Amino acid sequence: MALITGYLVQGGQMLLILLLAPLITGWVRTLKAQLLRRRGPSLLQPYRDLRKLLRKDVVLAGSASWLFRVAPYLIFAAIWVAAALVPTFASGLPFSWTADLIAIVALLGTARFFLALAGLDTGTSFGGIGASREMMIASLAEPAMLMMVFTLSLLAGTTELSAVAQFMLTADVGLRVSLALALLALVMVAIAENARIPVDNPATHLELTMVHEAMVLEYSGRHLALIELAASLKLLLYLSLLSCIFVPWGMTTAGEDLTAYLTGIAAYLAKLGLGGFLLALFETGIAKMRVFRVDQFLGAALMLGLLGALLLFVSRSL
Amino acid sequence: MPLPLLLSLSMILLAIGLYAILASRRASCSRQIYGISLVICVILLGMALTHLLNAAAPVTLTLPLGLPWLGAHFRLDALSAFFLIVVNLGGAVASLFALGYGQHEPAPGRVLPFYPAFLADMNLVLLADDAFTFLFAWEFMSLSSWALVMAHHREPANARAGYLYLVMACLGTLALLLAFGLLAGANGGYDFATIRTVEMTPGLAALALILALIGTGSKAGLVPLHVWLPLAHPAAPSHVSALMSGVMTKVAVYGFIRIVFDLLGEPVAWWWGGLVLALGGITAVLGVLYALMQHDLKRLLAYHTVENIGIIFIGLGLALAFQSNQMYASAALALTAALFHVLNHSLFKSLLFMGTGAVLTATGERDMERLGGLIHPMPWTALAFLIGAAAISALPPLNGFVSEWLTFQAILLTPELPQWLLKFLAPAAGALLALSAALAAACFVKAFGITFLGRPRSPAAAKAQETDRYSLAALFSLAALCLLAGILPGLVVDGLSPAVGLLNGGAQLPAQQSQPWLTLVPVADVKSSYNGLLVLLFMALSGIFAAVSIHRFASNSVRRSPAWDCGFPNASPAAQYTAGSFAQPIRRVFGSVVFQAREHVTMPPPGDGRAAQFAVQLRDPVWDCGYAPLTAAIIKISTKLNYLQYLTIRQYLSLVFGALVLLLLGIALWR
């Protein structure tokens with residue numbers, strides 16, 4: 001019985017994040033609009049966009065190959081699985097041991113790999129520019145992320161995210177310099193990986209500065225819907241990751257009763273709302289940087305992550 | 001008795017090499033040679049697999065060959081059995097590929113005699129149990145592969161590559177010769193059983209380690225000894241490139257492991273591990289950065305081999321560091337990671353080189369700037385190449401990720417090390433490993449994307465045709481193995497255990513087969529786990545769920561139209577991103593530091609009809625700081641000493657006499 005409940009909760013989490021993902025995108029968009037004194041679209045606009053896109057025909061470029069048509073499903077699957085493995089409202093779910101934090105980072109890498117290939121597939125200059133810049137950004141963001149993983153796992157003694165979250169809930173973590181550095185590195189990586197300002201602008205379509213939007217320029221219809229949904233899932237994943245590592249309070253563990261789960265979900269929603277608000281605030285307050293400043297931004301994230309790990313090598317109490 | 005059979009099969013390989021000299025003019029000869037090589041490699045593979053999986057005891061054999069007072073010693077233990085699997089798996093698949101690919105060879109007489117000999121020599125290196133046999137087989141391996149590099153000797157670049165290879169191979173063998181001399185000690189017992197018992201002073205042991213590092217590192221492609229590798233590996237026919245890059249570098253790794261972990265015994269000083277770790281980290285990042293700058297597909301792959309050798313040496317360095325501190329459980333993890341990566345790299349690098357061979361046959365081009373769009377005429381080759389590219393970029397659920405994950409887990413155990421320098425080196429090596437993994441993904445997006453995707457950039461690429469069935473069978477068997485090793489890593493780790501135990505004083509990883517759902521849990525008390533099978537299953541389920549529900553409940557119609565490209569599509573294929581432009585951001589970020597990359601744009605003034613020029617200038621730091629001054633110094637000294645060639649007979653005699661006196665004096669003082 002416990003086993004079946006466990007599987008049900010795991011499946012519930014998977015569905016929950018899938019349903020929540022467009023909402024969080026809509027939440028950030030609405031907040032950003034209101035911070036700019038605009039009325040902004042409805043919170044539910046991303047759902048409407050998705051429904052509209054799903055119903056439309058796919059217009060495929062003449063030079064597109066089978067890879068271009070398969071890639072959206074692969075990207076969506078990789079990101080959904082990665083997002084489902086991050087603890088949201090409860091830790092220790094039945095499949096939480098399937099992939100640890102390193103594997104989650106690598107799954108995102110799989111999605112990025114195929115997205116970049118899809119960008120190159122139609123043989124247009126915009127696809128190429130997006131793919132090439134995305135890989136440059138990833139070549140710094142991924143190591144920075146892994147350094148953050150090093151810091152966490154040196155503290156918690158494991159790379160398994162569920163166990164890290166449980167460790168962070170214990171009292172003996174305290175305030176640490178290394179954790180502060182890791183938080184900073186993770187936030188910087190999250191901004192870059194989700195194509196947010198100042199690294200990339202999710203709202204532009206006709207600028208040479210764009211990275212993510214340039215790669216998906218040739219996509220339309222259901223393919224575009226899947227890619228947009230995957231992008232929302234990725235944003236949700238990073239917010240869940242930040243909240244389960246650095247603000248794990250309110251999270252329940254698997255096997256508790258229904259009220260505990262409901263509290264966990266409420267706490268999770270509150271954390272997501274706060275995270276989205278902070279993101280919107282940050283994005284409104286800052287200007288986009290040149291592409292060749294991004295390497296300095298992410299290089300700083302890498303150095304911060306490495307410094308955090310090195311501090312722990314020096315002393316376990318830092 | 002497996003050993004006599006293994007040896008006689010290797011001898012048959014040598015013999016069919018001799019047969020090929022006589023018969024290579026006949027058209028059927030190519031099929032015969034590759035067919036027999038395939039059968040023999042499969043038998044050898046099966047025997048090595050049985051030996052390793054049964055964890056059988058080592059068997060030895062002494063033949064009255066070679067040096068009269070030494071004889072030829074052979075031994076089959078878990079370590080050589082594992083490397084025999086790598087060599088013969090690569091050999092079998094390369095032979096299968098060559099059944100089709102070899103038909104296009106313009107000069108079969110220059111390839112066929114040396115190909116089986118090359119396979120036989122690699123097998124003999126792994127079976128050798130004394131220094132003489134080992135070096136003999138090693139040198140034969142170098143020479144037969146040199147002959148294969150020179151197969152198309154009329155191209156000037158190949159001749160240069162062959163010359164450089166020969167020089168570096170000589171240097172490597174010289175270092176190994178000296179290393180064995182040190183290992184054998186004053187009494188000169190050159191069989192490995194005697195060498196294991198010799199007690200060495202720490203200084204001499206360290207010298208032997210450095211010599212072994214030079215000797216095997218020059219063959220494996222460790223920076224800064226890698227310079228010959230990216231020239232020589234691409235020069236050979238593609239199935240031989242696959243063998244050289246995927247397999248021969250592993251024989252070099254075997255040499256290093258045999259000498260340092262087995263013959264030298266326990267590492268004496270902690271800095272050994274630190275040295276190997278630092279070299280591995282630098283090799284990994286430099287290798288992939290070099291690879292990113294290449295336009296020639298085969299050269300890109302060859303440079304990328306350098307990166308993977310770096311990853312293997314990171315694992316070996318960690319194992320040495322753990323062993324020198326008696327942390328055998330952690331050393332077992334690091335060794336497993338290194339050996340796993342040896343297997344993985346042999347799989348996907350062979351796959352990628354053979355895929356390049358298929359492209360080369362179809363288009364006659366290996367310059368990526370003249371390829372493109374090959375996924376349309378060659379869908380199967382493209383699929384196999386894509387699997388290889390994803391595997392080498394360490395993407396789950398394929399195999400490359402597992403070995404890198406294991407290496408990361410080993411690095412996470414380093415805070416327990418007592419030495420401060422190692423404590424700082426290990427996370428730095430971790431950062432370098434992470435950087436090289438991310439750059440590898442960029443490198444293979446470029447390699448696959450520019451070659452197979454987009455629109456054809458030359459008429460040759462537009463007229464390409466799918467490759468033959470033998471080649472496809474070879475490509476897909478390797479692709480299947482990449483996937484299998486990725487989703488069932490526990491079985492591979494268990495298979496590696498006897499070899500790890502042999503090198504690690506009996507300590508190995510806990511058995512993985514008993515884990516639920518075949519999960520990989522390398523260190524029981526840390527509880528870090530990874531399950532490739534479930535990741536694949538979940539990904540497949542989510543992807544199928546998305547596809548089915550969208551096609552069922554939403555739209556499933558497709559319209560074809562010209563690319564949109566923001567409203568300004570350019571019909572010319574030259575408007576696409578090229579290999580050079582894809583690498584430009586990375587060249588600016590990393591290359592401006594490492595390679596002093598400079599871009600020169602010559603723009604004619606308005607009204608001038610000339611075309612604009614764009615040139616990229618890269619400098620090779622290793623060549624500029626290491627080899628160029630060295631060659632300059634050698635030439636300078638030899639010019640200075642040139643007058644020695646024009647002395648009178650009396651002066652020569654007095655020189656000889658003086659040298660004799662000096663040597664005798666030296667010996668007298670030494671005693």
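Asp565(B) counts as partly exposed, because 18 C-beta neighbours lie inside 10 Å of this residue. This residue belongs to a predicted model of two chains, A and B, in which 74 residues of chain A are in contact with 71 residues of chain B. The model scores ipTM 0.95 and pTM 0.95.

**The loop between β3 and α21 of chain B**

- The phi angle of Asp565(B) is near 55°, which is a positive value in a residue other than glycine.
- Cys566(B) also lies in the loop between β3 and α21 of chain B, and its phi is near 60°, again positive in a residue other than glycine.
- Cys566(B) is partly exposed, because 14 other C-beta atoms are found within 10 Å.
- Most residues other than glycine have a negative phi, and most peptide bonds are trans.

**Cis peptide bonds in chain B**

- Val223(B) and Pro224(B) are joined by a cis peptide bond, with omega at about 10°.
- Pro224(B) is found in the loop between α8 (202-220) and α9 (229-235) of chain B.
- A cis peptide bond also joins Pro396(B) and Pro397(B), where omega is about 5°.
- Pro397(B) sits in the loop between α14 (379-392) and α15 (399-411) of chain B.

**Chain B as a whole**

- Chain B contains 23 helices and five strands.
- The radius of gyration of chain B is 26 Å, close to the 26 Å that the globule rule gives for 671 residues, so chain B is as compact as a globular protein of that length.
- The C-alpha trace of chain B spans about 90 × 70 × 60 Å along its principal axes.
- Of the 671 residues of chain B, 55% count as buried.
- Among the contacts in chain B with a separation of 6 or more, 80% are accounted for by residues 24 or more positions apart.
- The average pLDDT of chain B is 91, and 99% of the residues score at least 70.
- The domain assignment of chain B gives domain 1 (1-249) and domain 2 (621-670); the C-alpha centres of these domains lie 34 Å apart.

**Strands β4 and β5 of chain B**

- Strand β4 (residues 598-602) of chain B lies largely in the open, because the number of buried residues among its five is zero.
- β4(B) pairs with strand β5 (residues 613-617) of chain B in the antiparallel sense, over five bridges.
- Within this pairing, Glu599(B) stands opposite Val616(B) in β5(B).

**Chain A as a whole**

- Chain A has 11 helices and three strands, and from the N terminus on its elements run α-α-β-α-β-α-α-α-α-α-α-β-α-α.
- The radius of gyration of chain A is 19 Å, close to the 20 Å that the globule rule gives for 318 residues, so chain A is as compact as a globular protein of that length.
- Taken along the principal axes, the C-alpha atoms of chain A fill a box of roughly 55 × 45 × 45 Å.
- Buried residues make up 62% of the 318 residues in chain A.
- Residues 24 or more positions apart account for 80% of the contacts in chain A with a separation of 6 or more.
- Ala266(A) lies in helix α10 (residues 258-285) of chain A and counts as exposed, because 12 C-beta neighbours are found inside 10 Å.
- Ala266(A) and Leu161(A) are 105 residues apart along the chain, and their C-alpha atoms are separated by 21 Å.

**The interface between chains A and B**

- The contact involves 74 residues of chain A and 71 residues of chain B.
- The elements that give two or more residues to the side of chain A that touches chain B are α2 (45-55), β1 (58-61), α3 (66-84), α4 (101-121), α5 (125-156), α9 (221-246) and α11 (291-314) of chain A.
- α5(A) gives the most to this side, with 18 residues.
- By class, the side of chain A that touches chain B has 45 nonpolar, 18 polar and 11 charged residues.
- β1(A) is joined by four bridges to strand β3 (residues 558-561) of chain B, and the two strands run parallel.

Methods
Residues numbered from 1 in each chain as written. Chains lettered and ligands numbered in written order. Predicted model: local features only at pLDDT ≥ 70, side-chain atom pairs only at ≥ 80, totals over all residues. Contact = placed C-beta atoms within 7 Å. Nonpolar A, V, L, I, M, F, W, Y, C, P; charged D, E, K, R; others polar. Pairing = 2+ DSSP bridges. Domains from an automatic or database assignment. pLDDT = per-residue confidence, 0-100. Buried ≥ 20, exposed ≤ 12 C-beta atoms within 10 Å, placed from the backbone. Rg over C-alpha atoms; globule rule 2.2 N^0.38 Å.
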